[in-house]
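Hi,

Here is the structure I promised to pass on.

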Amino acid sequence: MSPSSVQTYPQEQQEDAETNEELYQRLTDLVSSWPLSPALSGFKLYRHDNGWHTNLAPMVGAMVADACFAARPSDIIVATLLKSGTTWIKALLYSTVRRREHPVDDGHHPFNSLGPHECIKFLEYQLYTRNRVPDLARLPDPRLFATHVPFVSLPRSVAASGCKIVYVCRDPKDTLVSQWNFSNRFRMRDGLEPLSVEAAADFFCDGLSPSGPYWDHVLGYWHAHLAHPDRVLFFRYREMSEDPAAHVRRLAEFVGRPFDAEEEEAGAVDAIVRLCSFEQMAGLGATKNGKTELVVGTIENNWFFRRGLVGDWENHLPPGTARKIDAITDARFRDSGLRV
Ligand code: A3P
C-alpha cells in the first residue's frame, strides 16, 4: 500500500501565502496578549477567551481553522482530549469508513505504512499550522478530521454544516496519568526535569492541561451529544475496552455505513477490532519506526502507545490525589447525568 493511495492532504494554498502569514501573525499577537501559565505539559499554556488552555501554535491553529475551515455536512470529526484514546478512535473510524477501499484483512492496509495520525489529521496540530491554509476541498467525501479543541471553540462552520462528531472520553485519572507520562517524554527530550505526578495532578485539577480544564471539555461535548445525538456520538474509553465490537457497530451506524449481513458473516467487525487493538497497532512497523509531525514537534509514533489500560492510575496516583480528582468529577458532573 503506497501512502499516495490514501487520503492525501495538500500542503498549502500558495496563492494566498502572504495573506495567510498576516492572518497567523494577527492571531499570534492576539493569543500572546492572553494569560500565560506554567502547566502540566512541557510548554506554558495560554488561556483562550473561551476559558480553555493550550500552547501558542495549536491555539493559533484552532483560530485559523475557525476562520478558514469550510466544513461539509458529510465531514466526520474526531474530537478528544489529549490521551483519551484519540489514536484508537482514529484507527477505528478510518478502518470502518474506508473498509471498501482498504479491506482490513488483505495484508496491505494503510496502517502498515502510516500511523492513524497521518490517516486522520488534526486541524490545529497538523493542517492549520506554519502559516498554511490548506485547500481541503479536493479531499474525497467523507472527509475525516480530528481536533482537541473544546466544543465551544470548534470552527464555526462545523456547527453550521451539521457534520458528525465522534467524541471519546476517558476517566480523568487515567487521562492525567497518560498526559503526565507523555509530557515527561517531551521534558526529558528537551533536557528538563520530569514532573512529579503530584505536580502534574495539581496542574490538571487547576485546568492547566492541554485543552483543559478536563471537565469543561467533556461536559461541552456531553451536552452537545444530549442535544444532538444524531450529530455527536459520545464514547467512553472504558466501555470501548469492554466491548470494542459493539462500538465499531455503533460507529458504523452513526456514520451511515452499517455492516451488512454478508460483512457480519465474514467477520468484518472482529477484523477491525483486531487490526485496531493496542497489541496489533503497537507492533506495526509504522508505529515502531514511523513519526508524526505535529506543530509542537515531531513525535515517534510509539509515543502514542504506552499501556492502553483502564485503571492504570492506581499504579501511579497517591490515594489522596485520586480522591481529590474524584471529588471534582462528582461535583462537576453531578447534575449532568454523565458517568465516565
Ligand atoms: P496510556 O498512556 O494510558 O497507555 P491518545 O491516543 O489520545 O493520545 O491517547 C493515548 C492513550 O491511548 C495511551 O494510554 C495509549 O496507550 C492508549 N492507546 C493507544 N492506542 C490504543 C489502542 N489501539 N487501544 C487502546 N488504547 C490505546
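**The parallel sheet**

Strand S5 (residues 121–122) and S6 pair in the parallel sense over two bridges. Before going further, a word on the basis: this is a predicted model, where local features need pLDDT of at least 70, side-chain atom pairs count only at pLDDT 80 or more, and totals for chains, interfaces and linings use all residues. Residues are numbered from 1 along each chain as its sequence is written, and side-chain values use heavy atoms, with hydrogens and water left out.

On the terms, helices (H or I, at least four residues) and strands (E, at least two) are DSSP runs numbered from the N terminus, and two strands pair if DSSP finds at least two bridges between them.

How are the two faces of strand S6 (residues 144–147) covered? Leu-144 and Ala-146 are buried on one side, and Phe-145 and Thr-147 are buried on the other. Buried here means under 20% relative accessible area, exposed means over 50%, and partly exposed is in between (1.4 Å probe, protein chains only). As background, side chains in a regular strand alternate between the two faces of the sheet.

**The cores**

Which residues have the most contacts inside the largest nonpolar core? They are Phe-69, Tyr-128, Phe-145 and Val-218, in a core of 62 residues. H9 gives the most to this core, with seven residues. Apart from it lies another core, of 50 residues, which includes Leu-144, Phe-182, Ala-252 and Phe-259. A nonpolar core is a set of buried Ala, Val, Leu, Ile, Met, Phe, Trp, Tyr and Cys residues joined through side-chain atoms within 4.5 Å.

**Helix H16**

Helix H16 covers residues 319–333, which is 15 residues, and reaches 21 Å from its first C-alpha to its last, close to the 21 Å expected at 1.5 Å a residue. That expected span is 1.5 Å times one less than the number of residues. Thr-321, Ala-322, Ile-325, Thr-329 and Phe-333 of H16 are buried. Seen down the helix axis, the buried residues of H16 fall within an arc of 100 degrees, so they line one face of the helix; the arc is that of the directions from the helix axis to the C-beta atoms. What covers them includes helix H7 (172–189), helix H8 (197–205) and helix H9 (214–227). On the other side of H16, Pro-319 and Arg-323 are exposed.

S1 and strand S2 (residues 45–47) pair over two bridges in the antiparallel sense, with Leu-36 opposite Tyr-46.

Thr-28 sits in helix H1 (residues 17–32) and counts as partly exposed, at 21% relative accessibility. Leaving aside neighbours within four places in sequence, Thr-28 is in contact with Leu-56 and Val-60. Asp-16, in the segment before H1, is partly exposed too, with a relative accessible area of 32%.

**The whole chain**

The chain has 16 helices and 10 strands. Its radius of gyration is 19 Å, close to the 20 Å that the globule rule gives for 340 residues, so the chain is as compact as a globular protein of that length. That radius is taken over C-alpha atoms, and the globule rule is 2.2 Å times the number of residues to the power 0.38. Of the 340 residues, 56% count as buried.

Cheers

Terms used
Contact means heavy atoms within 4.5 Å.
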